[in-house]
Amino acid sequence: MESRKERDRKIKNNNFGAVRLIAALFVMAGHMHILAGKTVPVFYGMPVQEIGVSIFFVIGGYLISKSWIKSRDFAGYICRRCFRIFPALIFCVCTIVFLAGPAVTSLSWKEYFSDRLTWKYLMNSLLYINHSLPGVFLDNPYPAAVNGSLWSLPVEFMMYLFLPLWINTGRKMTARSGVFWAACTAAAVLAACIFGAGGGIGETHLVIAGRELGQVLSPVVRVVPYEMAGSLIAVCGLEKYLNLQVSVLLLAVLAVLGPVPAFVSCLAAYCFLPYAVLAFALADRPYFSAVNNRDLSYGIYLFSFPIQQILVQVFLYHGIALHVFALMVLSVLLSVAAGFLTERLVENPVQRLQKNMFC
């Protein structure tokens, strides 16, 4: 039986940490342009922050599926998932409500803490997403939104519950399990291409049960196929077909292609992005595996949006011209520091506790 140290070495012998870090930077780059009131960079027909979020969902689908396959029971599996998502989230939400909010609000502290929105914001810790705090960021180019990154966490938690059911249903079909998983993934991709082609996360609209519900469901429809694609590669053992050189070639071909219909662009993204992401993450020679020793990506993802909003507010207050590149550099430095503190103060202790509970 292999030791815990050997298991940890195998888990870290990959490029997943580096890919997560790149995804976090993509998300930050897109958000920085939005929050500064600038045009968002677009690659392969996708806003850069959407690429970053999609990468996170591909990785999530793959690793969650591997975790479920190795799990002995659902209780242990879901406990490990909760240890992953909630402690850092609670730390982030409390830091914003009790430190950042009072520092930047236009209200007095008495008014701020007596407003029900302040306490309602704490519900973000339970994945009940609220974007506003009283008197916070009201005059920014992208007003009132305190932490727009949090929308993806309820979707990710939903996938924690969905993927085990999906995997177990396929297993019951024995010889046809692969066909079932592939057909479901293809159906999700087709639905996303039909309903979501041509728009970015949060900008597309499904015409079902009214426009408002469509706005809520659209981001979910667009990212779930990426999670299912990552899961499909995990449960069907398709890693042997991943090739880093092929993935680079595919991305290069996409880069030189001229304008294509939105549906084709959307379909190409769902086909090639999961392949490229996992080909790099699982490369035979993981030159960037050292990044796994300090996974700052989740902390960066949680804190970067409010940090960027604070920077924009400070620049505006002092009448300094907003330059996206300067704001991006400052936000990266501060977000990395926040990610480091989150890892040291929250994630590392929680990880040690988790290992003691689930040996």
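In the predicted model, helix α4 passes helix α12 in a right-handed crossing. Helix α4 spans residues 74-104 and helix α12 residues 297-317; their axes come within 9 Å and cross at roughly 15°. Angles under 35 degrees count as roughly parallel, and α4 and α12 are therefore roughly parallel to each other. On the α4 side, the contact is made by R84, I85, A88, L89, F91, C92, T95, I96, A100 and V104, which meet Y298, L302, F303, P306, I310 and Q313 of α12. By residue class, this contact between α4 and α12 comprises 13 nonpolar, two polar and one charged residue.

The contact of α2 with α11 consists of seven nonpolar residues, with no polar and no charged ones.

Aromatic pairing was examined next. Across the whole structure, a search finds 15 aromatic pairs. One of the aromatic pairs joins F98 and F113, which are stacked, with 6.4 Å from centre to centre and 15° between the planes. Because F98 lies in helix α4 and F113 in helix α5 (residues 109-114), the pair ties together parts that are 15 residues apart in sequence. Helix α4 thus takes part both in the contact with α12 and, through F98, in this pair with a residue of α5.

The ring of F113 also pairs with that of W119: the centres are 6.2 Å apart and the planes stand at 40°, so this pair is tilted. A pair counts as stacked if its planes are under 30 degrees apart and as edge-to-face if they are over 60. F98, Y112, F113 and W119 together form one aromatic cluster.

F98 is partly exposed, with a relative accessible area of 37%. For F113 the relative accessible area is 26%, and this residue is likewise partly exposed. W119, at 40% relative accessibility, counts as partly exposed. These assignments follow because a residue is buried under 20% relative accessible area, exposed over 50%, and partly exposed in between.

Notes
Residues numbered from 1 in each chain as written. Predicted model: local features only at pLDDT ≥ 70, side-chain atom pairs only at ≥ 80, totals over all residues. Heavy atoms only, no water. Nonpolar A, V, L, I, M, F, W, Y, C, P; charged D, E, K, R; others polar. Axes fitted to C-alpha atoms, helices over the stretch in contact; angles between N-to-C directions. Helix = DSSP H or I, 4+ residues; strand = E, 2+ residues; numbered from the N terminus. Parallel < 35°, antiparallel > 145°, perpendicular 65-115°, else oblique. Left-handed = near helix turned anticlockwise from the far one by under 90°. Contact = heavy atoms within 4.5 Å. Phe/Tyr/Trp six-rings, centres within 6.5 Å; stacked < 30°, edge-to-face > 60°. Buried < 20%, exposed > 50% of the residue type's maximum accessible area, 1.4 Å probe, protein only.
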